[in-house]
Amino acid sequence: MLAQINRCTGDAVGGSPQLRGSLIVWQGLFSPAELDALVRLGDSLALGKAELSSGRGYENIRSTKVAWVPRTSQTEDLYRRMEDAVLAINQRFFRYDLSGL
């Protein structure tokens, strides 16, 4: 999905992660066309009830709907890019041992 869009539009993708206060920002990781495609994909997914891992009884605290992006051939480029970004950010800023992932 994302690689196809990038090849078709020729949008430049790149940049590098930057530390801004307590946040890491990566301008240019995805092109505007790729972000639009990701929004369209998200909008097409069925929403489910978000739940806290601690169980029931918190409905008054959190009432949220979520949609999980499945890992398929259509989303493989997205997953690969996100994994590469997480590894690059970890290597540059945190240096956690992620070898088991």
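Exposed means over 50% relative accessible area, and buried means under 20%. These views come from a predicted model.

**View 1. Helix α3 runs from residue 76 to residue 94.** The helix has 19 residues. From the first C-alpha to the last, α3 reaches 26 Å. That is close to the 27 Å expected at 1.5 Å a residue.

**View 2. The buried residues of α3 line one face of the helix.** L78, R81, A85, I89 and N90 are the buried residues of α3. Seen down the helix axis, these residues fall within an arc of 170°, so they line one face. An α-helix has 3.6 residues a turn, so residues three or four places apart point the same way.

**View 3. R95 follows α3 with a positive phi.** R95 is found in the segment after the helix. Its phi is near 60°, a positive value in a residue other than glycine. The relative accessible area of R95 is 67%, so R95 counts as exposed.

**View 4. The structure holds one aromatic pair.** The rings of F94 and Y96 have their centres 6.0 Å apart. Their planes lie at 15°. Planes under 30 degrees apart count as stacked, so the F94 and Y96 pair is stacked.

**View 5. F94 is partly exposed, whereas Y96 is exposed.** F94 has a relative accessibility of 46%. This value lies between the 20% and 50% cut-offs, so F94 counts as partly exposed. Y96 has a relative accessibility of 59%. That is over 50%, so Y96 counts as exposed.

Key. Residues are numbered from 1 along each chain as its sequence is written. This is a predicted model: local features need pLDDT of at least 70, side-chain atom pairs count only at pLDDT 80 or more; totals for chains, interfaces and linings use all residues. Side-chain values use heavy atoms; hydrogens and water are left out. Helices (H or I, at least four residues) and strands (E, at least two) are DSSP runs, numbered from the N terminus. The expected span of a helix is 1.5 Å times one less than its number of residues. Buried means under 20% relative accessible area, exposed over 50%, partly exposed in between (1.4 Å probe, protein chains only). The arc is that of the directions from the helix axis to the C-beta atoms. Rings of Phe, Tyr and Trp (its six-membered ring) pair if their centres lie within 6.5 Å; planes under 30 degrees apart count as stacked, over 60 as edge-to-face and the rest as tilted.
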